[in-house]
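Please look through the structure below. A short walk through its parts follows.

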Amino acid sequence: HDTGGSGHPCVGYLAGMPSVIIDAPESSRPITSRRSRVFLGMVALLPLHTVALHLWISWKPWLVLLGILAAWQAVDGLRSRTWPWHPTVSIAITIFLAAVAVSWSGDAPERYARLLLALVVGALTTLVTERELRTPGMFDRTLRVIFWSAAALATTALLTSLLAAGTFGSEAIETVNDLPGVSQVTKEAYLSDGFVAITNWHEDPGYAAAWMNLWAALALMASLRGRGSGRALVDACVVGGLWLGVVLTLSRTGLLGIVVTVLAVGWRERHRMRRALQLLAVSAAAAALLLGTVWLLDRPGVGGDLSEELGFRLSQGLTLGPGQGDEGGAGASTDYRGVVWPQYFEFFRENPTRGIGLGTGWAAGIQEPHNIVLELLGETGLVGFAGFTLLLVMIARSASNPIGRTALVVALSAAITQTVLFEATWWFAAGLALAPSQDET
């Protein structure tokens, strides 16, 4: 072989083996592709649901990017004649979708189709995420993008909190909610006066809280790995801003998620407990300081009244009803759990095998049950519940990434009080959990 001018035969031997590098698997290639940049853009926009183009479904920015990525990966798979996504989880997803699909009773076909499509979107979120994170270094880049997405989410949480408190005047709330392409950033709930929850990047306070808790957990773990801003105080302010938003969604789902986040991240970072506790403590202090600021700027008689709102939540406690003090406001109909949970349990008793059909409850004017188990049993029966259980078991058995597993715990904590089945939070967290394992540095 030609020595390549080095004079050493080993160099010439290596120079004669270019195929070893060219034919390396995708997982060993550097991050240079446009597809990787599209994926990072999708991740940054994942919590953004309040901005969308409504054409039969809500075409959110991240959903468009997800479609592009899924098609891109599928074409790559066809060219290489290989299945492009995680094989075991792909099979489990197929079984789950089939189990849910057979629930249809012939009623509410449009609602059924939309919800089934939402499940397909969620499944693609998991598969596309796992596929992109096979590339070395991609997980760290994703963590960094999530941190800065969390910073943006925390900033708007503070602004919408001031907006809901009436700091900018009564007209400002309607002006922002009426912006073209914006669904809403605040929502009146339960009380006819003085109860305005923030929704921030979502239309629903509970799901807004779920996203902020997930992004807070990931921002905490990113910071502890040096993937944040590089300044501990700034990182803590980002998490504190998210927790402020969670509290002012006035959602018990959100408060539960904060507790789970602290416990799950603390357990994950137990080998560096001192640093983790310091970051958690400063984040909590930042959240308290921001809440105090909003409280001081809360204008009486304009927007929400923080003392009345928080007092209402404390009086409600763990009850399944709207609680004392309800005055017939926007949330005073039959959308609280004390009414809906027994209805969905009755649906299951009447149709234990296939349920009443996916989407039938909504089509009949009955609120979703705010509980993933009752949603599955009531509308898809034991068949759909078994399909989901199989999927969850396969994800848990295949999960190898410790950060992703922690994120999945945080995301699924909302399943007790929210129907997270159609939300991308837990689907994305599942994709993180399926990613290649990362070291603990």
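Leaving aside its neighbours within four places in sequence, which residues is Ala-216 in contact with? They are Val-239, Leu-242 and Trp-243, where contact means heavy atoms within 4.5 Å. The model is predicted: local features need pLDDT of at least 70, side-chain atom pairs count only at pLDDT 80 or more, and totals for chains, interfaces and linings use all residues. Residues are numbered from 1 along each chain as its sequence is written, and side-chain values use heavy atoms, with hydrogens and water left out.

Ala-216 belongs to helix α9, residues 205-224. Helices here are DSSP runs of H or I with at least four residues, strands are runs of E with at least two, and both are numbered from the N terminus. Ala-216 counts as buried because its relative accessibility is 0%; buried means under 20% relative accessible area, with a 1.4 Å probe and protein chains only. Between the C-alpha atoms of Ala-216 and Ala-154, 62 residues apart along the chain, the separation is 9.2 Å.

Helix α9 is also one of the elements against which the buried residues of α11 pack; the others are α10 (232-248), α12 (273-296), α14 (337-350) and α17 (402-412). Among those buried residues of α11 are Gly-257, Ile-258, Val-260 and Ala-264. At the start of α11, a side-chain oxygen of Ser-251 comes to within 3.1 Å of the backbone nitrogen of Thr-253.

The whole chain has 18 helices and four strands. Of its 441 residues, 52% are buried. Among contacts between residues at least 6 apart in sequence, 75% join residues at least 24 apart.

Conventions:
Buried < 20%, exposed > 50% of the residue type's maximum accessible area, 1.4 Å probe, protein only. Polar contact = N/O pair within 3.5 Å; in protein donor to acceptor, adjacent residues only side chain to side chain.
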